[in-house]
Amino acid sequence: MSGGQDRLASLFEPDVLLPAQFFAAFRRAGGLERERLLMLAVLEDAVDCYQKHAHTRDPRGQQIFDEAREWVDSADRSWLFSFENICDTLEINADYVRRGLRMWKERGPQTRAAVKVEALREDPELREAIG
């Protein structure tokens with residue numbers, strides 16, 4: 001691609017957010033009833049397990065990743081705390097989250113560290129909170 005096409009293509013790339021930054025928006029919104037906060041905590045834990053163990057070689061870590069991936073990939077709505085129901089309740093596009101997690105995993109483990117470093121450089125509040 002030419003330089004102009006590269007710049008144009010970069011306009012359509014998603015913004016990079018740390019999970020903590022994404023979920024902080026829900027906490028600040030206020031007015032979330034306890035059930036929705038619990039659903040948010042379940043979703044946040046699943047994303048954390050997915051990202052923490054996506055590239056592990058440890059059998060226990062791989063099992064945790066597989067469980068998180070299966071839960072995220074499931075279209076089952078029969079359980080109150082299914083991924084689909086939680087996303088609907090929190091008004092989050094489930095397919096968008098799935099796609100984002102898959103793309104994150106495909107980029108590899110080095111990308112996660114690079115994203116964290118870049119986020120720290122750009123977010124003074126986050127830099128202060130971490131110390």
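Good morning. I begin with the contacts of the protein chain: among those between residues at least 6 apart in sequence, 54% join residues at least 24 apart. Please bear in mind throughout that this is a predicted model.

In overall architecture, the protein chain has eight helices and zero strands, so that its pattern along the sequence reads α-α-α-α-α-α-α-α. Of the 131 residues in the protein chain, 31% are buried.

I turn next to the interior. In soluble globular proteins, nonpolar side chains tend to be buried together. Here the largest nonpolar core comprises 23 residues, and the ones with the most contacts inside it are Leu43, Trp71, Phe83 and Ile86. At least two residues of this core come from each of helix 3 (34–53), helix 4 (59–73), helix 5 (83–89) and helix 6 (94–107). Which helix gives the most to the core? That is helix 3, with seven residues.

The axes of helix 3 and helix 4 lie 8 Å apart, and the two helices pack at an angle of about 130°. Helix 3 passes helix 4 in a left-handed crossing. On the side of helix 3, the contact is made by Val42, Leu43, Ala46, Cys49, Tyr50 and His53; on the side of helix 4, by Gly61, Ile64, Phe65, Ala68, Arg69 and Trp71. Sorted by class, this contact of helix 3 with helix 4 has nine nonpolar, two polar and one charged residues. Leu43 and Trp71, which belong to this contact, were also named among the residues with the most contacts inside the core.

One further pair links these two elements in the discussion. Gln62 is found in helix 4, and at 27% relative accessibility it counts as partly exposed. From Gln62 to Cys49 the separation is 13 residues in sequence and 9.9 Å in space, C-alpha to C-alpha.

How do helix 3 and helix 6 lie, and at what angle do their axes cross? Their axes come within 10 Å and cross at roughly 20°, which makes helix 3 roughly parallel to helix 6. The crossing of helix 3 and helix 6 is right-handed. Val47, Tyr50 and Gln51 of helix 3 meet Leu101, Arg102, Trp104 and Lys105 of helix 6. The residues of this contact divide into four nonpolar, one polar and two charged. Tyr50 takes part in the contact with helix 4 and in the contact with helix 6.

Is Glu84 buried or exposed? Glu84, found in helix 5, has 10% relative accessibility and thus counts as buried, the limit being under 20%. Leaving aside its neighbours within four places in sequence, Glu84 is in contact with Ser74, Ala75, Asp76, Arg77, Ala94 and Arg98.

Glu91, by contrast, is found in the loop between helix 5 and helix 6. Its relative accessibility is 72%, and Glu91 therefore counts as exposed. Most residues other than glycine have a negative phi. Glu91 has a positive phi of about 60° although it is not a glycine.

Thank you for your attention.

How values were computed:
Residues numbered from 1 in each chain as written. Predicted model: local features only at pLDDT ≥ 70, side-chain atom pairs only at ≥ 80, totals over all residues. Heavy atoms only, no water. Core = buried A, V, L, I, M, F, W, Y, C linked by side-chain atoms within 4.5 Å. Buried < 20%, exposed > 50% of the residue type's maximum accessible area, 1.4 Å probe, protein only. Helix = DSSP H or I, 4+ residues; strand = E, 2+ residues; numbered from the N terminus. Axes fitted to C-alpha atoms, helices over the stretch in contact; angles between N-to-C directions. Left-handed = near helix turned anticlockwise from the far one by under 90°. Contact = heavy atoms within 4.5 Å. Nonpolar A, V, L, I, M, F, W, Y, C, P; charged D, E, K, R; others polar. Parallel < 35°, antiparallel > 145°, perpendicular 65-115°, else oblique.
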